[in-house]
Amino acid sequence: GVMEDKRNIPIIEWEHLDKRKFYVFGICMTMMIRVSVYPFTLIRTRLQVQKGKSLYNGTFDAFVKILRTEGAAGLYRGFLVNTFTLISGQCYVTTYELTRKYVSRYNNNNAVKSLVAGGSASLVAQSITVPIDVISQHLMMQRKGESMGRFKVQKQDGKRMLVFGQTKDIIVQIFKADGFRGFYRGYVASLLTYIPNSAVWWPFYHFYAEQLSSLTPKDCPHLLLQAISGPLAAATASTLTNPMDVIRARVQVEGKSSIILTFKQLMAEEGPWGLTKGLSARIISATPSTIVIVVGYETLKKLSLRPELVDSRHW
């Protein structure tokens with residue numbers, strides 16, 4: 001019967017998917033999340049970079065102040081450039097699935113597969129993401145007539161520059177200052193933030209899902225459990241990796257090169273609490289996207305199942 005085997009969730013594997021549907025759905029879904037959580041990504045970066053509480057007292061305060069001084073557009077600075085990281089998302093998923101498939105030849109343990117796949121997927125994704133991150137973060141740092149980072153967008157004889165004009169301007173400045181290496185500033189810090197983040201997320205996600213599953217009645221919809229354990233795992237992972245994330249943002253925005261020095265300076269200026277900067281904004285931006293990713297990823301996989309497989313399985 002369908003009821004009994006509801007608990008052992010079938011893990012949908014890569015070969016069961018209609019790839020074209022998967023990517024199209026995936027991109028639309030991701031864009032929707034992006035638009036809704038981007039302001040919090042921007043706020044988190046500004047909070048992480050600011051000295052103490054010099055500009056904003058916290059997430060909500062930053063939200064109100066940016067809206068007031070820069071309008072809604074202020075909350076979306078660097079958004080278009082940031083959209084290019086969609087490519088890395090697709091590469092992440094593809095690498096994740098293909099690595100899982102490869103590892104399963106040697107080891108069928110789910111935890112091992114998730115860890116190795118999560119790690120390699122992050123590596124590939126970060127190589128694409130870091131340069132985009134560096135550029136979009138500098139754009140996020142532009143405030144009315146000033147900048148919180150190293151580079152300031154030039155005003156062209158009073159007219160506001162077009163979106164990609166600003167981007168080009170920042171790219172040129174980064175290149176002048178640091179050459180090609182400038183776009184990979186904080187690459188190591190990024191890997192140290194996101195690889196653990198992604199590696200930690202999966203095991204915690206499975207852990208929370210199992211715990212919840214044992215606590216809830218049998219007929220509790222599975223998607224609900226996933227929708228709760230996803231954000232819990234994200235919050236856990238965010239909290240564990242936030243110190244590194246603060247350092248990463250500072251390395252990339254302030255153009256420092258040493259992780260250790262940046263860490264020491266942060267500790268000297270702001271103490272251990274400095275390592276929690278932007279955490280609530282980070283959790284806020286991670287939560288909706290995680291819910292959608294978890295629920296969506298599973299639904300997406302179901303929607304993208306190759307038609308001939310749909311009838312052969314009881315979903």
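Q: Which residues does UniProt list as "transmembrane region"?
A: The unreviewed UniProt entry lists residues 22-43 under that name. The model here is predicted, and in it the span of residues 22-43 is 100% helix and 0% strand. Its end C-alpha atoms are 31 Å apart.

Q: How many residues does helix α8 have, and how far does it reach from its first C-alpha to its last?
A: A helix is expected to span 1.5 Å times one less than its number of residues. Helix α8 covers residues 222-254, which is 33 residues, and reaches 45 Å, close to the expected 48 Å.

Q: Where in α8 does a kink lie?
A: A bend is the angle between axes fitted to the seven residues ending at a position and the seven starting there. In α8 a kink of about 55° lies at Asn 242, shortly before the proline Pro 243.

Q: Is α8 mostly covered or uncovered?
A: Buried means under 20% relative accessible area. In α8, 25 of the 33 residues are buried, so the helix is mostly covered. After α8 comes Gly 255, with a positive phi near 70°.

Q: Is Arg 282 buried or exposed?
A: Arg 282 has 5% relative accessibility, and therefore counts as buried. This residue is found in helix α10, residues 279-303.

Q: With which side chain does the side chain of Arg 282 make a polar contact?
A: The partner is the side chain of Thr 241, at 3.1 Å. Leaving aside neighbours within four places in sequence, the residues in contact with Arg 282 include Arg 44, Thr 193, Asn 197 and Asp 245. Asn 242, where the kink in α8 lies, is also in contact with Arg 282.

Key. Residues are numbered from 1 along each chain as its sequence is written. This is a predicted model: local features need pLDDT of at least 70, side-chain atom pairs count only at pLDDT 80 or more; totals for chains, interfaces and linings use all residues. Side-chain values use heavy atoms; hydrogens and water are left out. Helices (H or I, at least four residues) and strands (E, at least two) are DSSP runs, numbered from the N terminus. Buried means under 20% relative accessible area, exposed over 50%, partly exposed in between (1.4 Å probe, protein chains only). UniProt positions are given in the numbering used here, feature names are shortened, and annotations may be inferred rather than shown by experiment. A polar contact is a pair of N or O atoms within 3.5 Å; within protein, one must be able to donate a hydrogen and the other to accept it, and residues adjacent in sequence count only if both atoms are side-chain atoms. Contact means heavy atoms within 4.5 Å.
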